[in-house]
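Reader: I would like to know what stands behind the labels used for this model. Please take me through them.

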Amino acid sequence: MSKGNRGFGSSLTEGLDEAAEPDTAAPAEGIMASRSQALARIASGKVVTDRTEWVDPARCRPWRLHNRDLDHLNEETCRDLIDAFLSAKKQRIPAIVRRLQGDPDFDFEIIAGVRRWWTVKWLREHHHPEYDYLVTIQSVSDEEAFRVSDIENRSRKDISDWERAKEYSRALAEFYNGSQAEMAEHLKISRSWLSRLLDVARLPQSIVAAFSDPHDITVRIARDVKPLSVDAKMLPLMEAEARLIESERADLGAKLPGAEVAKRLVRATVAPKQKGGAEVELKAKNGRAMLRYTRGSRGGLSLKVLPRSGASTDEVLESIRSLLEP
């Protein structure tokens with residue numbers, strides 16, 4: 001890494017989390033080779049240019065379009081970086097920032113490296129005040145900053161599809177006039193992949209609410225759920241099931257995996273394959289689902305008493321009695 005002014009292309013070669021997985025969607029080999037050499041020299045401590053500095057993390061703030069969900073950063077989700085920093089006794093790989101002007105509270109804006117910033121702050125607050133935040137300072141526009149962040153983070157496995165989809169959705173509106181074709185061209189990605197990712201961010205909030213953690217919503221889940229959510233006949237069925245899942249979570253504390261939630265939402269749009277007719281749901285006086293029943297073709301009755309409906313035993317028995325009466 002040499003001193004002096006470097007172009008935007010060179011800035012893309014810098015920055016990988018210490019605990020990151022290998023890049024499975026890597027840019028050109030030349031860029032990757034350059035980045036590997038630069039990171040190795042920085043990690044060895046042999047090179048610190050006039051654009052790479054140790055700074056106080058309290059003087060840095062995340063960029064408004066950064067791709068991290070700050071509420072999702074905690075000791076558990078950052079444990080790999082905490083351990084890596086403690087093992088190395090410092091942060092080895094710099095974050096990417098740009099200098100702020102006219103802000104008395106902050107000197108730098110974090111373009112890529114919010115998770116590293118959070119980790120350094122956590123260490124300072126937990127008996128390690130000696131840790132500083134290693135940053136490389138770049139001069140880039142907002143759109144360039146988005147592409148820098150995207151290239152550095154595209155292969156990260158610790159970024160959820162939900163976080164990435166939200167970031168792309170904001171960038172689509174702000175930088176590319178809503179044109180997916182233009183955005184895909186600038187990012188050098190396929191239009192089909194971009195469309196699938198954006199579908200994650202386009203799910204209705206009534207459906208997202210069914211998931212105990214929206215970070216569980218993957219591109220694969222959105223692929224199955226999104227087409228049904230835009231169907232005027234299917235959406236109400238899915239929303240009813242979503243409310244039931246929310247109620248079960250509130251009553252039982254049951255947090256279903258994202259894949260199981262998706263299966264239930266999709267299953268709710270399919271009529272039960274029972275000869276006697278479709279399953280019918282009865283609600284208690286408090287509005288919660290209490291019973292589900294199906295009448296068989298030969299006059300039989302299949303009943304399912306739902307858990308934690310809030311209905312009294314008498315209310316449940318009275319409903320069953322009414323179903324049994326001719």
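Predicted model: local features only at pLDDT ≥ 70, side-chain atom pairs only at ≥ 80, totals over all residues.

Reader: How many helices and strands does the protein chain have?

Author: The protein chain has 13 helices and eight strands.

Reader: Why is strand β5 called largely enclosed?

Author: Buried means under 20% relative accessible area. In β5, residues 133-137, five of the five residues are buried, so the strand is largely enclosed by the rest of the structure. Both faces are covered by that label. Y133, V135 and I137 point one way, L134 and T136 the other way, and all are buried.

Reader: What makes β1 and β5 a pair?

Author: Two strands pair if DSSP finds at least two bridges between them. Strand β1, residues 52-55, is joined to β5 by four bridges, so the pair qualifies. These strands run antiparallel. T52 stands opposite T136 of β5.

Reader: Which sense does the pairing of β3 with β5 take, parallel or antiparallel?

Author: Parallel, over three bridges, with β3 spanning residues 95-99. With at least two bridges required, this also counts as a pair. A95 has V135 in β5 as its bridge partner.

Reader: What makes β6 and β7 a pair, and what lies between the strands?

Author: Four bridges join β6 (residues 280-283) to β7 (residues 289-295) in the antiparallel sense. At least two are needed, so these strands pair. K283 stands opposite A289 in β7. The hairpin has five residues between the strands, and G287 takes a positive phi near 95°.

Reader: Which residues line the second largest pocket?

Author: The lining consists of R154, R156, I159, D161, R164, W193, R196, L197, T218, V219, R220 and R223. Elements giving two or more residues to this lining are α6 (161-175), α8 (191-201) and α10 (219-229). The space in the pocket is about 270 Å³.

Reader: Why are seven of the lining residues called charged?

Author: Asp, Glu, Lys and Arg count as charged, so the arginines and D161 carry that label here. The lining divides into seven charged, four nonpolar and one polar.

Reader: What share of the protein chain is buried?

Author: Buried residues make up 43% of the 326 residues. The accessible surface comes to about 17100 Å², with 50% belonging to carbon and sulfur atoms.

Reader: How far apart in sequence are the residues in contact?

Author: Take contacts between residues at least 6 apart in sequence. Of these, 66% join residues at least 24 apart.

Key. Residues numbered from 1 in each chain as written. Heavy atoms only, no water. 1 Å grid on protein atoms, 1.4 Å probe; cavity = no way out; pocket = protein on both sides within 12 Å on 5 of 7 lines; lining within 4 Å. Points joined across faces, edges and corners; volume = space filled by probe spheres on them. Buried < 20%, exposed > 50% of the residue type's maximum accessible area, 1.4 Å probe, protein only. Contact = heavy atoms within 4.5 Å. Areas by Shrake-Rupley, 256 points an atom, 1.4 Å probe, with all protein chains shown as cover.
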